[in-house]
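Q: I am new to this structure and would like to learn how to read its features. Could we look at it together?

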Amino acid sequence: MSAQDEQTPDLDYDALARKYEEERAKRLKAEGLGQFREMTGALASFARDPFADPQFTRDPINREADVLIVGGGFGGLLAGAHLREQGVKEIVVVDRAADFGGTWYWNRYPGVRCDVDALVYMPLLEETGYIPSDKYAEGAEIYELCRRIGEQFDLYRDAMFQTGVESMAWSPERERWIVTTDRGDSIAARFIVSATGHYSKPKLPGIPGIESFEGACFHTSRWDYAFTGGNADGDLTGLTGKKVGVIGTGSTGIQCVPPLAEWAEQLYVFQRTPCSVDVRGNRPTDVDWIKAQPPGWWQKRVENFTNWTSGIQDGEDMVSDSWTNLLGEPTAVAGGVVGEVDPQEMLRAELRKMESVRQRIASLVEDEKTAEALKPWYHYFCKRPGFSDDYLQTFNRPNVTLVDTEGQGVQRITPTGVVANGKEYALDCLVFATGFDFMTSYTREAGFSITGRDGLSLDSHWSRGARTLWGMQTRGFPNFFLMSLLQSGVSINYMHIADAQTRYIATVIAHCLKNGVATVEPSAEAENTWVERCVELSSARKAFLEACTPGYFNQEGQPRPENELNMPFGGGPHAYLDLVTAAREGGFAENLEFGQVTPTGEP
Ligand code: N01
């Protein structure tokens with residue numbers, strides 16, 4: 001990197017690199033991921049579902065199914081919808097939640113919205129006829145679309161809610177997966193689609209005293225409206241006259257802080273690392289535009305968005321927002337995930353972007369010390385970029401205090417408050433916006449054991465890293481499909497990848513059911529080739545993450561050696577989507593091994 005740059009002669013890149021390193025060093029913790037705690041034991045009550053009927057009971061179910069889908073979020077819903085389109089009849093969706101929705105079932109915190117354009121993020125809009133009201137849809141609206149998909153594709157009929165899968169094991173005799181649950185069920189399923197989500201296991205910080213707090217206390221994905229009053233639109237009347245603290249300033253924190261500030265008597269925002277907060281620019285949906293579109297518009301817009309967010313100027317920028325104009329120029333995206341652009345050019349563009357984010361803070365936040373503390377000093381893609389048009393301005397309110405801990409975090413929690421920077425802040429309510437387990441271990445996040453052929457557990461099979469074909473199948477686990485980020489394509493718009501993956505999965509499953517094919521799994525050669533390709537392409541992202549400020553992307557600054565296997569595919573969304581689409585359109589057989597055939601006729 002040159003010390004100066006023609007476009008921004010004032011930006012001293014070497015000085016920035018030193019500053020970033022200094023700030024990173026402040027945040028590195030020896031405990032790494034060990035600093036977080038699961039919601040078990042003394043913290044088990046944090047996991048309670050505040051939206052479900054706690055009295056719900058039912059008799060155990062013993063049944064057969066063509067396909068068992070774990071997870072009723074968009075991954076599971078898309079799988080269900082595409083399987084139905086292929087004529088598959090017996091589809092059982094199992095979810096711990098009391099309804100469909102996945103992330104949008106759980107995350108109902110005030111201010112929750114999707115920060116990706118609704119017309120590309122929300123799937124099956126043409127099929128359901130649903131028109132989102134805003135460019136960035138509210139969580140409640142997305143949750144409603146999930147329910148509508150469940151209805152329209154008849155997925156409620158056999159759904160099992162408030163039910164956690166405990167184990168699944170392949171029975172070679174029956175050529176079925178035997179799935180057990182925490183309600184005593186036993187389901188023999190021919191196929192499994194494990195769509196357990198990327199942010200489904202909330203985590204808490206292991207701050208000393210966390211169990212001792214006596215006020216209201218909850219994680220953002222289990223919002224306690226019984227205490228705060230109101231709903232995701234605000235009206236948090238229960239907070240009138242209350243002192244509230246929020247720990248965590250990631251994408252969630254920056255969304256719930258403005259409504260909390262509006263209703264609490266006093267709000268303390270405990271910050272360890274500031275989020276980068278860029279322009280949001282929400283506005284009502286252009287309904288006339290949608291009505292004027294020919295069929296197939298969703299796919300076209302989705303492809304256009306993926307192109308623009310991966311450095312390809314594909315004619316008109318249909319979405320035209322802070323994502324498609326990510327670095328202020330058509331460069332690339334996501335810290336080495338997409339390897340199509342000159343890394344030095346990308347680095348300079350990214351440093352300029354971060355500078356503009358800092359300048360925006362200085363222009364919006366009145367108190368200079370607070371503005372200074374809100375400035376992020378790390379590479380733009382080390383953390384997920386944030387967007388908001390009201391978060392920064394919230395710090396101009398007299399009832400809001402930023403408690404910046406300079407990378408150290410909160411020291412202690414007491415029965416009556418939080419101690420940070422040596423000072424105790426008395427609180428009536430404490431909110432943890434501290435995120436989720438992310439790519440720690442597939443089965444840990446999913447919460448159930450998976451045992452394939454010959455008693456092989458997925459944990460031991462992947463003990464040195466994941467092995468998959470296109471991130472969706474793994475050898476030794478017949479008829480098992482998964483949706484995760486491991487060796488899978490990634491896009492800013494998860495739905496583009498999820499839609500392509502579930503179309504592929506539905507095609508392969510329907511092929512087997514229609515033709516009486518007992519089993520399907522990747523061939524050794526196809527799996528090895530894919531794993532090698534993923535490893536080869538992982539080096540850019542690996543190096544990038546190693547130099548990043550700690551966060552969930554890099555296992556809190558301690559990236560693991562097996563990461564070269566446990567990363568998303570580094571060849572960009574296009575290469576991945578082309579592959580999966582070609583496979584679905586006829587090429588899948590050459591990469592798969594099929595078991596014996598007993599013609600059955602119908603799927
Ligand atoms: O979680 P996070 P999130 N003391 O892990 C802080 C998606 N999402 O729920 O940065 C004090 O990003 C931690 O501090 P630091 C999106 O993909 C999407 O916000 O580690 N603070 C950080 O600030 C996103 O990335 C949307 O120093 C402590 C925060 O907790 C993902 O979900 C909306 C601490 C955790 O941030 C997760 O986002 C929301 C401690 N001891 C979320 N420990 C949209 O589409 C942790 N922190 C809009």
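Q: From which domains does the lining of the second largest pocket draw at least three residues each?

A: First, a word on the source: this is a predicted model, where local features need pLDDT of at least 70, side-chain atom pairs count only at pLDDT 80 or more, and totals for chains, interfaces and linings use all residues. Residues are numbered from 1 along each chain as its sequence is written, and side-chain values use heavy atoms, with hydrogens and water left out. A pocket is an open set of points on a 1 Å grid over the protein atoms alone, where a 1.4 Å probe fits, with protein on both sides within 12 Å along at least five of seven lines; lining residues have an atom within 4 Å of a point. Here the lining draws at least three residues from each of domain 1 (3-33 + 202-280 + 343-432) and domain 2 (62-201 + 439-594), with bounds from an automatic or database domain assignment.

Q: How much space lies in that second largest pocket, and which residues are closest to its centre?

A: A volume is the space filled by probe spheres set on the grid points, which are joined across faces, edges and corners. For this pocket that is about 490 Å³. Its lining has 25 residues, and Gly111, Arg113, Gln255, Pro259 and Asp390 are the closest to the centre.

Q: Which helix gives the largest share of the lining?

A: Helices are DSSP runs (H or I, at least four residues) and strands are too (E, at least two), numbered from the N terminus. Helix α8 (residues 251-263) gives the largest share, 6 residues.

Q: How many disulfides are there?

A: A disulfide is a covalent bond between the sulfur atoms of two cysteines. The rule used is a pair of cysteine sulfur atoms within 2.5 Å, and the count is 1. Cysteine 382 and cysteine 548 form it, with sulfur atoms 2.0 Å apart. Cysteine 382 is in the loop between α12 (368-373) and β12 (386-387), and cysteine 548 in the loop between α18 and α19 (572-587), so the bond ties together parts 166 residues apart in sequence.

Q: Are these two cysteines buried or exposed?

A: Buried means under 20% relative accessible area, exposed over 50%, and partly exposed in between (1.4 Å probe, protein chains only). Both cysteine 382 and cysteine 548 are buried.
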